[in-house]
Amino acid sequence: QVQLRESGGGLVQAGGSLRLSCSTSRSIFDYTLMGWYRQAPGKQRELVASVTRAGTTNYAGSVKGRFTISKDNAKNTVYLQMNSLTPEDTATYYCHARDPVFSDLDVWGQGTLVTVSS
């Protein structure tokens with residue numbers, strides 16, 4: 001059973017905005033840590049933003065001030081609002097969560113592609 005599903009990726013112009021969504025099959029309160037990673041072609045997957053169950057956020061330096069991670073508890077959904085996009089933000093974005101039962105394991109979504117044109 002798939003636990004995480006991303007949506008909202010697409011093609012946008014440089015300087016534009018997108019909002020990614022990660023819907024969960026269980027309550028987001030089950031997860032102690034959730035976040036977004038991205039992987040560009042030929043590059044290693046990297047952390048973009050994360051949020052704890054308590055609401056503490058963390059951002060990669062390259063997106064700080066431009067991206068915002070947030071949660072909607074009623075919808076069991078985590079969002080990534082991306083503003084002032086540049087071609088360097090082009091990547092496949094993955095939702096991530098720490099397994100609610102086995103804390104040393106990770107849960108991943110299938111990914112959603114974001115392409116920023118120059």
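**Figure 1. Surroundings of methionine 82 in the predicted model.** Setting aside residues within four places in sequence, methionine 82 is in contact with Gly16, Ser17, Leu18, Leu20, Arg66, Phe67, Tyr93 and Val114. The structure shown here is a predicted model. Met82 is also one of the residues with the most contacts inside the largest nonpolar core.

**Figure 2. The largest nonpolar core.** This core comprises 29 residues, and Met34, Trp36, Leu80, Met82 and Tyr93 have the most contacts inside it. At least two core residues come from each of the strands β3, β4 (33-39), β5 (46-52), β7 (67-72), β8, β9 and β11 (112-117). The most is given by β9, which supplies 4 residues. Nonpolar side chains in soluble globular proteins tend to be buried together.

**Figure 3. The disulfide of cysteine 22 and cysteine 95.** The sulfur atoms of cysteine 22 and cysteine 95 are placed 2.0 Å apart. The link is left-handed, with -85° about the S-S bond. Because cysteine 22 belongs to strand β3 (residues 18-24) and cysteine 95 to strand β9 (residues 91-98), the pair ties together parts that are 73 residues apart in sequence. Both cysteine 22 and cysteine 95 are buried.

Figure 4. Threonine 77 is part of strand β8 (residues 77-82). Its relative accessibility is 8%, and threonine 77 therefore counts as buried, the cut-off for this class being under 20%. The side chain of threonine 77 reaches the backbone oxygen of lysine 75 at 2.9 Å. When residues up to four places away in sequence are not counted, threonine 77 touches Ser21, Cys22, Ser23, Ile28, Ser70, Lys71 and Asp72. Among these, Cys22 is a partner in the disulfide with cysteine 95.

**Figure 5. The aromatic pair of tyrosine 37 and tryptophan 108.** The whole structure contains 1 aromatic pair by this search. Tyrosine 37 and tryptophan 108 are arranged edge-to-face, at 5.0 Å centre to centre and with 70° between the planes. Since tyrosine 37 lies in strand β4 and tryptophan 108 in strand β10 (residues 106-108), the pair ties together parts that are 71 residues apart in sequence. Tryptophan 108 counts as partly exposed, at 34% relative accessibility.

**Figure 6. Arginine side chains over tyrosine rings.** The charged end of arginine 19 sits over the ring of tyrosine 79, at 4.3 Å from the ring centre. Arginine 45 lies over the face of tyrosine 94, 3.8 Å from the centre of that ring.

Notes:
Residues are numbered from 1 along each chain as its sequence is written. This is a predicted model: local features need pLDDT of at least 70, side-chain atom pairs count only at pLDDT 80 or more; totals for chains, interfaces and linings use all residues. Side-chain values use heavy atoms; hydrogens and water are left out. A disulfide is a pair of cysteine sulfur atoms within 2.5 Å. Buried means under 20% relative accessible area, exposed over 50%, partly exposed in between (1.4 Å probe, protein chains only). A polar contact is a pair of N or O atoms within 3.5 Å; within protein, one must be able to donate a hydrogen and the other to accept it, and residues adjacent in sequence count only if both atoms are side-chain atoms. Contact means heavy atoms within 4.5 Å. A nonpolar core is a set of buried Ala, Val, Leu, Ile, Met, Phe, Trp, Tyr and Cys residues joined through side-chain atoms within 4.5 Å. Rings of Phe, Tyr and Trp (its six-membered ring) pair if their centres lie within 6.5 Å; planes under 30 degrees apart count as stacked, over 60 as edge-to-face and the rest as tilted. A charge sits over a ring if NZ of Lys or CZ of Arg is within 6 Å of the ring centre and within 35 degrees of the ring normal.
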